[in-house]
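User: I have a chain here to go through. Can you take me over the main points?

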Amino acid sequence: GFTPSTASWGGSFFDPDADGDPDLLYVESRFFDQGIEDLEPYRGPAWFFRNEWSEQGRLVHEGDVGLEALDTWRASSTRDLDGDGVEDVVTSAAAAPSRLFLTNPVAGRGVVQIRLRGTDSPRDGRGAVVTLDVGDDRLRAWPGAADPYSTGSEPWVTFGLGEADAAGPLEIRWPSGRVQTVESVEAGTLLVVTEG
């Protein structure tokens with residue numbers, strides 16, 4: 001027999017429970033070393049790790065979230081597909097339709113979405129660094145910094161605020177060298193920032 005090579009086909013840090021600590025999702029399966037007549041030997045798991053770094057100093061594997069089935073994964077991506085402010089998950093496997101997993105907002109927790117519009121920097125904000133202070137925590141994101149295999153990503157930034165009603169300051173460091181600051185943003189806000 002042979003042991004097929006395993007690879008991760010997509011990974012994303014996102015905050016489905018809006019607690020301010022991005023969690024990790026990635027899917028893995030095997031290369032088609034011996035052809036695709038029988039897909040069974042190539043199946044692999046989808047993994048979801050909840051970020052418990054501030055409390056336990058580690059990522060905790062979270063089972064039973066609806067993604068546990070073995071499959072011949074070839075892509076995964078996160079984006080807010082239903083407009084509720086929380087990022088959802090789309091996965092794809094070889095010889096199978098895409099799957100959509102909608103994430104429901106957690107009661108009492110808010111999010112802020114930021115979309116950038118560059119003028120001298122890239123139009124979609126790629127290459128910028130976005131920082132938001134939430135209480136004593138400083139959250140940081142790089143819009144569009146990584147696109148999972150065979151998918152694209154929206155270069156939007158979503159920050160979970162936990163139970164905070166507002167956060168700030170919000171700082172955007174553009175690739176052009178400009179720095180912009182918004183003193184405060186409220187939970188539930190979709191903020192579009194144009195470089196200026």
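User: How much of the chain counts as buried?
Analyst: This is a predicted model. Of its 196 residues, 44% count as buried.

User: And the accessible surface, what does that come to?
Analyst: About 10200 Å², with 48% of that belonging to carbon and sulfur atoms.

User: How many helices and strands does the chain have?
Analyst: One helix and 16 strands.

User: Which residues have the most contacts inside the largest nonpolar core?
Analyst: Ile-114, Leu-116, Leu-132, Phe-159, Leu-170 and Ile-172, in a core of 19 residues. At least two residues each come from β8, β9 (129-134), β10 (137-141), β11, β13 (170-173) and β16. Another core, of five residues, lies apart from it and includes Trp-9, Val-27, Ala-46 and Ala-93.

User: What does Ile-172 touch, leaving out residues up to four places away in sequence?
Analyst: Leu-116, Ala-128, Val-129, Val-130, Arg-178, Val-179, Gln-180 and Val-193.

User: Switching to sheets. What is the strand order in the open sheet of three strands?
Analyst: The order is β11-β8-β16, and the pairing is mixed. β11 (157-162) and β16 (189-194) are the edge strands, each pairing on one side only. From one strand to the next, the twist averages 20 degrees.

User: Do β8 and β16 pair in the parallel or antiparallel sense?
Analyst: Parallel, over six bridges, with β8 covering residues 110-117. Arg-117 has Thr-194 in β16 as its bridge partner.

User: Last one: what share of the contacts with a separation of 6 or more comes from residues 24 or more positions apart?
Analyst: Such residues account for 51% of those contacts in the chain.

Conventions
Residues numbered from 1 in each chain as written. Predicted model: local features only at pLDDT ≥ 70, side-chain atom pairs only at ≥ 80, totals over all residues. Heavy atoms only, no water. Pairing = 2+ DSSP bridges. Helix = DSSP H or I, 4+ residues; strand = E, 2+ residues; numbered from the N terminus. Axes fitted to C-alpha atoms, helices over the stretch in contact; angles between N-to-C directions. Buried < 20%, exposed > 50% of the residue type's maximum accessible area, 1.4 Å probe, protein only. Contact = heavy atoms within 4.5 Å. Areas by Shrake-Rupley, 256 points an atom, 1.4 Å probe, with all protein chains shown as cover. Core = buried A, V, L, I, M, F, W, Y, C linked by side-chain atoms within 4.5 Å.
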